[in-house]
Amino acid sequence: MANEPLTIIAITTAKAGKEALLGEAQEKLVAETLVEDGCLRYELHQSLDDGRVRVFVETWESEAKWRAHMEGDAMRRFQALGVGDYFADFALHRLTKVAG
């Protein structure tokens, strides 16, 4: 399965008052990531019910490509902005297609 496409669902919740800062950083991350090798899909969605909640939907050619992204320049720049202090909550789900 290591060479199968990998879909990631990452659900983030900003701390109150940090929504705009986190959102700006996330939007910049999307723009940089879309051109990365192996990125098939990288979308950012905002909850209609809670403006602090944003959801990344990503698809990568393989788990190896996703891991390279996680250790790559765009993620390093994102983390260097201090975004870790902006999160109230973060959940990551790795998915692969198992049938049909």
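Contact is defined here as heavy atoms within 4.5 Å. The structure is a predicted model, in which local features need pLDDT of at least 70 and side-chain atom pairs count only at pLDDT 80 or more, while totals for chains, interfaces and linings use all residues. Residues are numbered from 1 along each chain as its sequence is written, and side-chain values use heavy atoms, with hydrogens and water left out.

Helices (H or I, at least four residues) and strands (E, at least two) are DSSP runs, numbered from the N terminus. Two strands are taken to pair if DSSP finds at least two bridges between them. Four strands form an open sheet in the order β2-β3-β1-β4, with antiparallel pairing. Its edge strands, each pairing on one side only, are β2 (39-46) and β4 (87-95). From one strand to the next, the twist averages 10 degrees.

Strand β1 (residues 6-14) is joined to strand β3 (residues 53-60) by eight bridges in the antiparallel sense. Within this pairing, T7 has T59 of β3 as its bridge partner, and T12 stands opposite R54 in β3. Strand β1 also pairs with β4, again in the antiparallel sense and over eight bridges; here the bridge partner of I9 is H93 in β4.

Solvent accessibility is classed as buried under 20% relative accessible area, exposed over 50% and partly exposed in between (1.4 Å probe, protein chains only). I11, a residue of strand β1, is partly exposed, with a relative accessible area of 32%. Leaving aside neighbours within four places in sequence, I11 is in contact with V53, R54, V55, D89, F90, A91 and H93. The C-alpha atoms of I11 and D89 are separated by 8.1 Å, although these residues are 78 residues apart along the chain.

In strand β2, R41 is partly exposed, its relative accessible area being 35%. R41 touches V57, E58 and T59, not counting residues up to four places away in sequence. Between the C-alpha atoms of R41 and W60, which are 19 residues apart along the chain, the separation is 6.9 Å. A polar contact is a pair of N or O atoms within 3.5 Å; within protein, one must be able to donate a hydrogen and the other to accept it, and residues adjacent in sequence count only if both atoms are side-chain atoms.

Axes are lines fitted to C-alpha atoms, for helices over the stretch in contact, and angles run from 0 to 180 degrees between N-to-C directions. Helix α2 (residues 63-70) lies across β1, β2, β3 and β4 and runs at about 130 degrees to β3. Helix α1 and helix α3 (residues 73-80) pack with their axes 9 Å apart, at an angle of about 170 degrees. These two helices, α1 and α3, are therefore roughly antiparallel to each other, a class that covers angles over 145 degrees. The contact involves L22, A25, Q26, L29, E32 and T33 of α1, together with A74, M75, R77 and F78 of α3.

Q26 lies in helix α1 (residues 19-33) and, at 1% relative accessibility, counts as buried. Not counting residues up to four places away in sequence, Q26 touches T12, L44, R54, F56, F78 and F87. The side chain of Q26 makes a polar contact of 3.0 Å with the side chain of T12.

Rings of Phe, Tyr and Trp (its six-membered ring) pair if their centres lie within 6.5 Å; planes under 30 degrees apart count as stacked, over 60 as edge-to-face and the rest as tilted. Three aromatic pairs are present in the structure. Among them, Y42 and F56 form a tilted pair, 5.5 Å centre to centre and with 50 degrees between the planes. Because Y42 lies in strand β2 and F56 in strand β3, this pair ties together parts that are 14 residues apart in sequence. Both Y42 and F56 are buried. F87 and F90 form an edge-to-face pair, 5.9 Å centre to centre and with 65 degrees between the planes. F87 is buried, with a relative accessible area of 18%, whereas F90 counts as partly exposed at 47% relative accessibility. Y42, F56 and W60 form one aromatic cluster.

Terms used: Parallel < 35°, antiparallel > 145°, perpendicular 65-115°, else oblique.
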